[in-house]
Amino acid sequence: MILRWYGCEYIPRNEYADMYLILEKLSGLFSVRCPKPYLFDSQVPIVFTVGRKKRSEIVMSYGLLELLPENELEAIFAREIARLSEGIVPQNTFVALIGGLIASFSTIFQWIFMLIGSGGKDDSALKFIRLFAMGLVMIPAAIVVYVGSVDSTISSDVLAAKTLRDKEILISALKRIYYFIRINSFEYFNPGHVHLFAVNPVKVNSFYDVHLSLFDMKPDFSQRLKALEGADVN
Amino acid sequence: MFSIINYLLTNIKNWKQALALSFLSYFIVLVFIIVVITFSLQDFRFSIIAAISIAYMGSVIVMLLLAAIIFKKRLIER
């Protein structure tokens, strides 16, 4: 269902053979089943892993493939596979399903009002309606995400750096994604999925998005960098 | 009045503004519930409306307090 939410397409092996080699190599290093790669259409560099105990999928945006060079892409994939090895992906996927469903009601509410002729997407009345709907659903969604999900951001970062024996590439990749999102991203992502993403793309772009500030989860990016810089990879 | 609104928007943290707006949204739903009950009973029965209001707003306040405790611990304070 999460794959359908993002309109993901399965990546065939013949088109992205290098990516498959990287994923298989990393899966071998972490001793996990190789996740199936999926792509979705977005210019924002996003990557996350979903799945159940016996099956997992790594989802990435076209923006990620365009932004990162191959070595940094490998480091980010290592981070996602580190998450798989920690065994928390099934729980986080379930929480994303529930939290995402609750949070999506605000979008559904907005579409209903658009369909009954309440104006275009940028109409102020529609924005207020969306603000009202977000006010109802975002707190329960945030409670589900905070209480239900397992936060392994820093541990995954450090485990990936230690396994690759190189922290600089991961730091560089994370910084590249983080600053791109901060400066260039104005796209809306379902806040119920925020705990899945490698770098949180959910941010407050205007007053009408103020409820998205409830999903600005710790750790702060500077804490992640500090933990990585302090990690002993030798 | 605009200076007060400007002060509230710029000096209160985003997540606190979000909680306040959520409280307002839940209050609007309560008003809607009261209107529907009054029309269906064709009379304003204070005891029923009061009981529903207290139960509803009580649970909303409990949820918001729980949320505030969680957010204070887990949110990045910008």
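Predicted model: local features only at pLDDT ≥ 70, side-chain atom pairs only at ≥ 80, totals over all residues.
1. Turning to the interface, 25 residues of chain A are in contact with 23 residues of chain B. The size of an interface is often given as the accessible area lost when the parts come together. Between chain A and chain B the buried area is about 2,100 Å², and carbon and sulfur atoms give 67% of that area. On the side of chain A, Ile139(A), Tyr146(A) and Asp216(A) supply 26% of the area that this chain buries against chain B, which is more than any other three residues supply.

2. As for the polar side of the interface, the count of salt bridges between chain A and chain B is zero, while nine residue pairs are found in polar contact across the interface, both residues of each pair being at pLDDT 80 or more. Helix 6 (124-148) and helix 8 (168-184) of chain A each supply at least two residues of the side that touches chain B, and helix 6 of chain A gives the most to that side, with ten residues. The residues of chain A on that side divide into 17 nonpolar, three polar and five charged.

3. Over all chains, the structure holds eight salt bridges. One of them joins Glu24(A) to Arg13(A), with the closest N and O atoms 2.1 Å apart. Because Glu24(A) lies in helix 2 (residues 17-30) of chain A and Arg13(A) in the loop between strand 1 (9-10) and helix 2 of chain A, the pair ties together parts that are eleven residues apart in sequence.

Key. Residues numbered from 1 in each chain as written. Chains lettered and ligands numbered in written order. Heavy atoms only, no water. Contact = heavy atoms within 4.5 Å. Buried area = accessible area lost by both parts, 1.4 Å probe. Salt bridge = Lys/Arg side-chain N within 4 Å of Asp/Glu carboxyl O. Polar contact = N/O pair within 3.5 Å; in protein donor to acceptor, adjacent residues only side chain to side chain. Helix = DSSP H or I, 4+ residues; strand = E, 2+ residues; numbered from the N terminus. Nonpolar A, V, L, I, M, F, W, Y, C, P; charged D, E, K, R; others polar.
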